[in-house]
Amino acid sequence: MANRRLLFLAIAVAVIGASGILAVTLPGLNNVSTSTSALTLPSGCVKPAGGFLIIASQLGFNDSVNHGVPEDNWPVMNVRLGQNVTIVVCNADPSQAHGFQIDHYYVAQLVSIASGDVLRVSFVASQSGSFRVYCQIFCTIHWAMQSGQLIVSA
Amino acid sequence: MLPFGATVVEFGLVTFISALVGISLVIGASRFLKTRFLAAFALGVYLWYFTDTLGDANYLGVNEGFTFSAELVALVVLFVVGLTVFFAMDRRMFTAGVSDGYGALVVGVVAALALGLHGLGEGADFGFTAAQTPFSSLFDAFGGLSASASWVLHKMMEPTIAAVCYVSIARVGNGKASARLTDALIIASVFVIPSVVGSVVGYYTTFDHTYIFALGLGTSVYALARAGRALYSPSEGADSWLSVKMALAAVLGFLLIFIAALLH
């Protein structure tokens, strides 16, 4: 039993060690772009006429990490009471799914957008007020996707 | 962009230490708590774990309806394969009386791997975000103190299910403390290895990690089934409040990991 424990421990240490060595020796290989212009948008990811386009990526919703979230609201969509609202949400993040919810107007727990998919949301702004727009999936950029806002004014 | 070496090392260390603390707490608690209560606690933790991982797996593509797209089929197949392979590996799991034949460490390690495989996806997400972020600090890139605390608490809670699998077989009260610590180190290592490997892969590659979560979701069911054996322990006695106590233990497990998620 002691030998088995030692074997397990040795394997675990070897794998962690190999990962560590890889981590230290391979930094020069990184070629992942951090430019927002390098995003590949899914087909159908087009701003609807009179509506809104939201792009989910490693930079949040519409580059929200560069717009003061979570303290500030971003993105902010202003509409009129009674207006037909159309929002196209694109997941341009190649690595993970993202969610999209709007308090009161679009709250559906099973709505998630796979990498490269496009979600089209339409509704009538029937109640005035300020409504939070957010992602409901615990992705790595989750914190930056909690501060969107839909403002419906009379 | 965060530097690769520091990112992976910090991520691995934080995840490992968190897991070790969680596992050690369960092993320590098993000295004075009946295993069935720990199993109920693990059940509560698992309920949230499953929901959380299901979201990461894009709900197995259920939003696509009956399209039978390649993505939907792949997600479902990976879930089924993960579940089936781990159940098939442990042929004594549902056999009364001989289930302890593998030994506590083996069962604990397999359960840790079953739970930890979803970490391959989490690590890949982490690595990819680290490579893409405009921030220069790990804290800022992942949402600051609150989100970091959430990660630490999650990684403490999740492997407690594997620890319950372990203590349900090991006679911790009679064992040497050093042997238990070694076992805890091994179980924590196995739980964390997929996360570390994932972070390395995710930093350098671009692919959809959803499929890994579907696989990990399936494999994790094994850990629930294994830990669940300890829910029913006639040898531990019973009283009229047992069901209520078990419910409270399950609620405690669920609420603790839920509270951790609130910080996210």
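Me: In this predicted model, a residue is buried if 20 or more other C-beta atoms lie within 10 Å of its own, and exposed if 12 or fewer do. Is Phe86(B) buried or exposed?

Reply: Phe86(B) belongs to helix H3 of chain B, which covers residues 70–89. Within 10 Å there are 23 other C-beta atoms, and the cut-off is 20 or more, so Phe86(B) is buried.

Me: Which residues is Phe86(B) in contact with, leaving aside its neighbours within four places in sequence?

Reply: Leu215(B) lies 129 residues from Phe86(B) along the chain, and the C-alpha atoms of the two are separated by 11 Å. Contact, however, requires C-beta atoms within 7 Å. With the sequence neighbours left aside, the contacts of Phe86(B) are Ala114(B), Thr219(B) and Tyr222(B).

Me: What is the radius of gyration of chain B?

Reply: The secondary structure of chain B consists of 11 helices and zero strands. For its 264 residues the globule rule gives 18 Å, and the chain comes close to this, so it is as compact as a globular protein of that length. The radius of gyration is 19 Å.

Me: What percentage of the residues of chain B count as buried?

Reply: Along the principal axes, the C-alpha atoms of chain B fill a box of roughly 55 × 45 × 30 Å. Among contacts with a separation of 6 or more, 91% join residues 24 or more positions apart. Of the 264 residues, the buried share is 53%.

Me: At roughly what angle do the axes of H5(B) and H9(B) cross?

Reply: Two packed helices are described by the angle between their axes and the distance between the axes. Helix H5 (residues 118–132) and helix H9 (residues 177–204) of chain B have axes that come within 6 Å. Their crossing is right-handed, and the angle is roughly 35°.

Me: How many charged residues are in the contact of H5(B) with H9(B)?

Reply: On the H5(B) side the contact includes Gly119(B), Glu122(B), Asp125(B) and Phe126(B), and on the H9(B) side it includes Pro194(B), Val197(B) and Tyr203(B). By class, the contact has 12 nonpolar and eight polar residues, and the number of charged residues is two.

Me: Which residue in S8(A) is the bridge partner of Val85(A)?

Reply: In chain A, four strands form an open sheet with mixed pairing, in the order S2-S1-S4-S8. Strands S2 (60–61) and S8 (118–124) are its edges, each pairing on one side only. Strand S4 (residues 84–91) and S8(A) pair in the antiparallel sense over seven bridges. The bridge partner of Val85(A) is Phe123(A).

Definitions and conventions
Residues are numbered from 1 along each chain as its sequence is written. Chains are lettered from A and ligands numbered from 1 in the order in which they are written. This is a predicted model: local features need pLDDT of at least 70, side-chain atom pairs count only at pLDDT 80 or more; totals for chains, interfaces and linings use all residues. Helices (H or I, at least four residues) and strands (E, at least two) are DSSP runs, numbered from the N terminus. The radius of gyration is taken over C-alpha atoms; the globule rule is 2.2 Å times the number of residues to the power 0.38. Two residues are in contact if their C-beta atoms, placed from the backbone, lie within 7 Å. Two strands pair if DSSP finds at least two bridges between them. Axes are lines fitted to C-alpha atoms, for helices over the stretch in contact, and angles run from 0 to 180 degrees between N-to-C directions. A crossing is left-handed if the near helix is turned anticlockwise from the far one by less than a right angle, and right-handed if clockwise. Ala, Val, Leu, Ile, Met, Phe, Trp, Tyr, Cys and Pro count as nonpolar, Asp, Glu, Lys and Arg as charged, and the others, Gly among them, as polar.
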